[in-house]
Amino acid sequence: MTTQFACAGIELELYRYPTQQASNLQAWDAADEHLIKHLIDSQQPVVPTAILNDSFGALTCALTTVNNQWPITLETDAKTSLLGCQYNLQHNHLTPESLQIINSREAIPCNTQLVLMKLPKNLHYFGQQLARLSTILPAGTAVLISAKAKSINAALLSLIDKNLGPSSASLAWKNTRVISCISDGNARTIAAPVNWKVNELGLTISNLANVFAANKLDIGARIMLDNMPKGDFTHVVDLGCGNGILGLHAKQCYPQAQIHFVDDSDMAIASAKHNWQHNKLGSPDNAPHGHFYWDDCLTNLPDDISPDLVLCNPPFHQGEAITDHIAWQMFVDAYKRLKTGGILHVVGNRHLAYHVKIKRIFNNCTTIASNGKFVILQAKK
Ligand SMILES: C[S@@+](CC[C@H](N)C(=O)[O-])C[C@H]1O[C@@H](n2cnc3c(N)ncnc32)[C@H](O)[C@@H]1O
């Protein structure tokens, strides 16, 4: 991993999170550099600043390097981004005196005078972020959005105009541009969560803006739902739960089980919790059979939980980057935490060849079902 960051006179050593990644990916990109260069070149004064979608803390670390009293609110939906930022601040001996961290559903402070954003991959989420900002920012507040030049087009600028205020893009530098938007002070209506039904299971699913499979059931999840393992499971983990569809159906299949929902996305965990409550899957005695963790894989699953089943539809990208390290970490964590005899039940695109990894970790792997595109794999600890 390339780690030496040098831009506009700021030097840092920055790591992705987790720091051990067998990849040539790095913790920042040219769009981060462009935004930092823009702030330094324009001699941006120190004002209360909100930073949204800072991948692994490059923007937060850079502002803190300029002035460790810079008042920063860091908003993140991804737990790994938050952990990466905290790691990089500490690693670079940076001690911001005024750093507030909030998740993607909390409001940024109303005294915010500058907003810095990286363009997220999910444009529906981006539109929702802008609409949320419109409810807080007074007219005239500057919002700087940096992105790859190829992602910036008339439709994107009109999305910004529609949800926050007029905008214009800078000249390109290293194939990136900084979009300057001035909020117009008119509060927009924030889009409601998207709802759909899985009729044959009697479930209604509601998704906040940054949740995987926002508009319909994922085809990988569909084949999982049709092939749930048989058994009297007592502790089931839905690892990378998204809206919680696999864990919700697990509760229908194994009524006595405690279900543990884990996801890196705060909005995913909030949606899974809402879906659990709305579909009335709690136990009749009101015991808390649903448990929800905003976390990086199984890092903080309580020590006394030894699952006997882990259900997993792993991601194959982290932000913009295509990578299999999260799937690896999910399988390794599942192996560590499963009780002896416990089962890992995984769905994946056939071409991802998860069976090779799973076999290496568990020493066994069986194909349970497959179609042209997907395969369901199972391994026993
Ligand atoms: C392919 S989606 C599956 C969602 C859902 N289980 C389904 O089947 O529709 C993968 C999920 O993994 C989550 N994820 C990504 N990185 C993660 C990590 N490090 N720890 C936990 N969850 C993660 C993503 O936010 C996403 O919700």
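**Exercise 1. Describe how helix H4 and helix H5 pack, giving the angle and the axis distance.**

Solution. Helix H4 (residues 123–134) packs against helix H5 (residues 154–163) at an angle of about 30°, and their axes are 8 Å apart. Helices here are DSSP runs of H or I with at least four residues, strands are runs of E with at least two, and both are numbered from the N terminus. The axes are lines fitted to C-alpha atoms, for helices over the stretch in contact, with angles running from 0 to 180 degrees between N-to-C directions. H4 and H5 are therefore roughly parallel to each other, a label for angles under 35 degrees, whereas over 145 counts as roughly antiparallel, 65 to 115 as roughly perpendicular and the rest as oblique. As for handedness, H4 passes H5 in a right-handed crossing, that is, with the near helix turned clockwise from the far one by less than a right angle, anticlockwise being left-handed.

The model is predicted, so local features need pLDDT of at least 70 and side-chain atom pairs count only at pLDDT 80 or more, while totals for chains, interfaces and linings use all residues. Residues are numbered from 1 along each chain as its sequence is written, and side-chain values use heavy atoms, with hydrogens and water left out.

**Exercise 2. Apply the description to H1 with H2, and to H9 with H10.**

Solution. The axes of helix H1 (residues 30–41) and helix H2 (residues 58–66) come within 10 Å and cross at roughly 25°, so H1 and H2 are roughly parallel to each other. H1 passes H2 in a right-handed crossing. H9 and helix H10 (residues 354–362) pack at an angle of about 30° with their axes 10 Å apart, which makes H9 roughly parallel to H10. The crossing of H9 and H10 is right-handed.

**Exercise 3. Locate the cis peptide bond and the positive phi.**

Solution. The peptide bond from Tyr17 to Pro18 is cis, with omega near -5°, and Pro18 lies in the loop between strand S2 (10–13) and H1. Phi of Asn175 is near 60°, and Asn175 lies in the loop between strand S8 (167–169) and strand S9 (176–182).
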